[in-house]
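Please open the model in your viewer and keep a selection panel at hand. The stops below move from the whole chain to single side chains and back out again.

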Amino acid sequence: MKPPKQSRIPQAVAMILLASALAASNAGAQAKPVSADQSKPGATAEADVRKLLNEFLAGAQQPDVKLYDRFFADDVVYTGSSSGMQTKYSIMKSLVPPKEHDPIVMFRAEDVIVHMYPENNIAIVAFRLVMDSDDHGTVSTSFYRNTGTFLFHNGRWQVIAWQATPVPPMAKQKDSK
């Protein structure tokens, strides 16, 4: 015995709606951009590293825990300008708000050189760090040569090694050439 026609119509409509929904779902999935491979740096890797460096230096005078946490990898090895070794833990522990009478300090990078090694997810950055200090009207500028190793992992760049070396005052002119 044949089922009545009216029971076939809703089934046919349901099949058409289901097919339409699946087609729309597939079309929507294809229209969305495919997420980038989070294990490899993208085409803008060098620009990303430069941006990260500049953002860090612009805010480094403040004890912004999020900024420092974002910049330094958990296993960073940092050799400071006084030759002391630091870990991320010791760096984070040293972040304290400036006191009222502390000098105002600003940092910037000059002569930035970036060497990219995308096959290893590494970028080596060398630059002259300029530190301008205003100690209640007494303005001074210090220079350092910094070299950092950035690793791309977990979808972002972070510093895994850092070296800061003060530039002696007499070497400023030679260093700038």
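The tour begins with the whole chain and then goes to the sheet, a helix, the core and a few individual residues.

**The whole chain.** Bear in mind throughout that this is a predicted model. Of the 177 residues in the protein chain, 25% are buried, and the chain exposes about 12000 Å², of which carbon and sulfur atoms supply 60%. If you display contacts between residues at least 6 apart in sequence, 52% of them join residues at least 24 apart.

**The sheet.** Select the six strands next, which form an open sheet of mixed pairing in the order β2-β1-β6-β5-β4-β3. At its edges stand β2 (85-86) and β3, and because each has a single partner strand, one side of each is left without a neighbour in the sheet.

**Helix α2.** Now select residues 45-59, the helix α2, whose 15 residues reach 21 Å from the first C-alpha to the last, close to the 21 Å expected at 1.5 Å a residue. Which residues of α2 are buried? They are Ala45, Val49, Leu52, Leu53, Phe56, Leu57 and Gly59, and these buried residues pack against α3 and against the strands β1 (72-79), β3 (104-117), β4 (122-135), β5 and β6 (156-166).

In soluble globular proteins, nonpolar side chains tend to be buried together. In this model the largest nonpolar core has 28 residues, and those with the most contacts inside it are Phe56, Phe71, Phe72, Phe150, Trp157 and Trp162. Two or more residues come from each of α2, α3, β1, β4, β5 and β6, with α2 giving the most, namely six residues.

**The aromatic rings.** Show the side chains of Phe, Tyr and Trp, among which the count comes to 11 aromatic pairs. One of these joins Phe56 and Tyr68, an edge-to-face pair at 4.9 Å centre to centre with 75° between the planes; it links distant parts of the chain, since Phe56 lies in helix α2 and Tyr68, 12 residues apart from it, in helix α3 (residues 65-71). Phe56 counts as buried because its relative accessibility is 8%, and Tyr68 counts as buried at 11%. Go then to Phe152 and Trp157, whose ring centres are 5.3 Å apart and whose planes meet at 65°, so that this pair is edge-to-face; both residues are buried. To finish this stop, select Phe56, Tyr68, Phe71, Phe72, Tyr78, Phe127, Phe150 and Trp162 together, which ring pairs link into a cluster.

**Trp162 and Asn146.** Centre the view on Trp162 and, leaving out residues up to four places away in sequence, look for its contacts with Leu53, Phe71, Val77, Tyr78, Thr79, Phe127, Asn146, Thr147, Gly148 and Phe150. From there, step across to Asn146 in strand β5 (residues 138-153). Is Asn146 buried or exposed? With a relative accessible area of 4%, Asn146 is buried, and beyond its neighbours within four places in sequence, Asn146 is in contact with Val125, Ala126, Phe127, Leu129, Trp162, Gln163, Ala164 and Thr165.

Technical notes
Residues are numbered from 1 along each chain as its sequence is written. This is a predicted model: local features need pLDDT of at least 70, side-chain atom pairs count only at pLDDT 80 or more; totals for chains, interfaces and linings use all residues. Side-chain values use heavy atoms; hydrogens and water are left out. Rings of Phe, Tyr and Trp (its six-membered ring) pair if their centres lie within 6.5 Å; planes under 30 degrees apart count as stacked, over 60 as edge-to-face and the rest as tilted. Helices (H or I, at least four residues) and strands (E, at least two) are DSSP runs, numbered from the N terminus. Buried means under 20% relative accessible area, exposed over 50%, partly exposed in between (1.4 Å probe, protein chains only). Contact means heavy atoms within 4.5 Å. The expected span of a helix is 1.5 Å times one less than its number of residues. A nonpolar core is a set of buried Ala, Val, Leu, Ile, Met, Phe, Trp, Tyr and Cys residues joined through side-chain atoms within 4.5 Å. Accessible areas come from the Shrake-Rupley method with a 1.4 Å probe; for residues, only the protein chains shown count as cover. Two strands pair if DSSP finds at least two bridges between them.
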